[in-house]
Amino acid sequence: MDYKKLAERILEKLGGKENVESVVYCMTRLRFVLKDESQVDDEQVKKIKGVIGVMKKSGQYQIIIGNEVASVYKEICALGNFKEKTSAKKNREKKSKYHF
């Protein structure tokens with residue numbers, strides 16, 4: 001799979017990097033907070049080869065990729081100049097603050 005090409009297509013269908021407020025990933029999903037979700041055509045995103053599905057939950061636009069999500073995430077961060085950070089890492093950081 002060409003992760004860079006997949007990342008380019010995803011960003012394009014989301015309205016470009018300018019429409020992305022933030023992005024993280026978990027086990028199988030890219031989790032975007034978008035500036036304007038109305039710019040996104042869910043059906044077009046679902047048609048991208050490499051995308052398994054789309055969900056909208058908790059203010060996030062989630063794109064299901066599967067096991068190769070980390071590789072796609074790295075390409076999205078590089079293309080959009082986003083800071084890399086996983087939701088799992090974020091949760092560990094929160095928990096570690098409160099452990100003595």
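# Loops, strands and buried residues in a predicted model

Asparagine 81 is exposed, with 64% of relative accessible area. Residues count as exposed when this value is over 50%, so asparagine 81, at 64%, belongs to that class. The structure described here is a predicted model. Asparagine 81 sits in the loop that lies between helix 3 (69–80) and helix 4 (87–98). Although asparagine 81 is not a glycine, its phi is positive, at about 55°.

**The chain as a whole**

The protein chain has 4 helices and 4 strands. In sequence order these elements follow the pattern α-β-β-α-β-β-α-α. Of the 100 residues in the protein chain, 39% are buried. Its accessible surface is about 6,400 Å², and carbon and sulfur atoms account for 48% of that surface. Among contacts between residues at least 6 apart in sequence, 59% join residues at least 24 apart.

Strand 3 and strand 4 run antiparallel and are joined by 5 bridges. Together they form a hairpin, with 2 residues between the two strands. Glycine 53 has isoleucine 64 of strand 4 as its bridge partner, and valine 54 stands opposite isoleucine 63, also in strand 4.

The turn of this hairpin contains serine 58, whose phi is positive at about 55°. Serine 58 is a residue other than glycine, and its place is the loop between strand 3 (53–57) and strand 4 (60–64). How far is serine 58 exposed? Its relative accessible area is 70%, so serine 58 counts as exposed.

Strand 4 also pairs with strand 2: these two run antiparallel and share 4 bridges. In this pairing, arginine 31 has glutamine 62 of strand 4 as its bridge partner.

Why is strand 4 described as largely enclosed by the rest of the structure? The reason is that 5 of its 5 residues are buried. Gln60, Gln62 and Ile64 point one way from strand 4, while Tyr61 and Ile63 point the other way. The residues on both sides are buried.

**The cysteines and the annotated site**

The UniProt annotation "active site", taken from an unreviewed entry, covers Cys26. Cysteine 26 lies in the loop between strand 1 (20–25) and strand 2 (29–34). Is cysteine 26 buried or exposed? Residues count as buried when the relative accessible area is under 20%; cysteine 26 has 19% and is therefore buried. Cysteine 77 is buried as well, with a relative accessible area of 3%. The structure holds 0 disulfides.

**An aromatic pair**

How many aromatic pairs does a search of the whole structure find? The search finds 1. The pair is made by tyrosine 25 and tyrosine 73; the distance is 4.7 Å centre to centre, and with 45° between the planes the pair is tilted. Tyrosine 25 belongs to strand 1 and tyrosine 73 to helix 3, so the pair ties together parts that are 48 residues apart in sequence. Both tyrosine 25 and tyrosine 73 are buried.

**Asparagine 19**

Asparagine 19 is located in the loop between helix 1 (3–13) and strand 1. With a relative accessible area of 3%, asparagine 19 is buried. Which residues is asparagine 19 in contact with, leaving aside its neighbours within four places in sequence? They are Leu14, Val33, Leu34, Lys35, Asp36, Gln39 and Val40.

**Accessibility side by side**

The table collects the single-residue values given above.

| Residue | Relative accessible area | Class |
|---|---|---|
| Asparagine 19 | 3% | buried |
| Cysteine 26 | 19% | buried |
| Serine 58 | 70% | exposed |
| Cysteine 77 | 3% | buried |
| Asparagine 81 | 64% | exposed |

Technical notes: Residues numbered from 1 in each chain as written. Predicted model: local features only at pLDDT ≥ 70, side-chain atom pairs only at ≥ 80, totals over all residues. Heavy atoms only, no water. UniProt positions renumbered as here; feature names shortened; annotations may be inferred. Buried < 20%, exposed > 50% of the residue type's maximum accessible area, 1.4 Å probe, protein only. Pairing = 2+ DSSP bridges. Contact = heavy atoms within 4.5 Å. Areas by Shrake-Rupley, 256 points an atom, 1.4 Å probe, with all protein chains shown as cover. Disulfide = S-S within 2.5 Å. Phe/Tyr/Trp six-rings, centres within 6.5 Å; stacked < 30°, edge-to-face > 60°.
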